[in-house]
Amino acid sequence: MTDIAEIKEPAEPDRLAVGRTVVDGTTVVTVTGEIDHHTCGVLRHALVPTEPTAARTVAEFSGVAFMDSSGINALIAAHQAHGPAGSLRLAGVRGPVLRTLEIVGLTTLIGCYPSVRDALES
């Protein structure tokens, strides 16, 4: 049985939208828009678990067209907040955003998957 609870957080209009759903105990955060120094706080808040003990989060990034170094910092902070027993995974990262993650080596720290389903099943 799938346990689903949905929470929507307000975000800066026209810049970044963040939705949060819980699927079988894993938080799925859907991110759409641009991640920069104006919007990275919203991303960080959405990805940092409220209870870091063995927290699992999948961030769905297929709707993210741009991310600067502020987004990288938010992802690193979120990864660290999950602790050694938890996990942060990215799904659907595309084009320039994926290339940025690869260049800075973040794909070796945070797993990237083609889809949310793949990230949940791994």
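This is a predicted model: local features need pLDDT of at least 70, side-chain atom pairs count only at pLDDT 80 or more; totals for chains, interfaces and linings use all residues.
Local features need pLDDT of at least 70 and side-chain atom pairs count only at pLDDT 80 or more, while totals for chains, interfaces and linings use all residues. Residues are numbered from 1 along each chain as its sequence is written, and side-chain values use heavy atoms, with hydrogens and water left out.

Glutamate 60 lies in strand β4, residues 56-67 (strands are DSSP runs of E, at least two residues, numbered from the N terminus). Glutamate 60 is buried, meaning under 20% relative accessible area with a 1.4 Å probe and protein chains only. Leaving out residues up to four places away in sequence, glutamate 60 touches Val29, Thr30, Val31, Ala91, Gly92 and Val116, where contact means heavy atoms within 4.5 Å.

Threonine 32 belongs to strand β3, residues 26-35. Its relative accessible area is 40%, so it is partly exposed, the class between buried and exposed, the latter being over 50%. Beyond four places in sequence, threonine 32 contacts Arg15, Leu16, Ala17 and Gly63. Phenylalanine 66 is 34 residues from threonine 32 in sequence and 9.8 Å from it, C-alpha to C-alpha.

The structure has zero disulfides (pairs of cysteine sulfur atoms within 2.5 Å). Cysteine 40 counts as buried because its relative accessibility is 14%; cysteine 112, at 30%, is partly exposed.

Notes: Helices (H or I, at least four residues) and strands (E, at least two) are DSSP runs, numbered from the N terminus. Lys and Arg count as positive and Asp and Glu as negative; His and the chain ends are not counted. A salt bridge is a side-chain nitrogen of Lys or Arg within 4 Å of a carboxyl oxygen of Asp or Glu.
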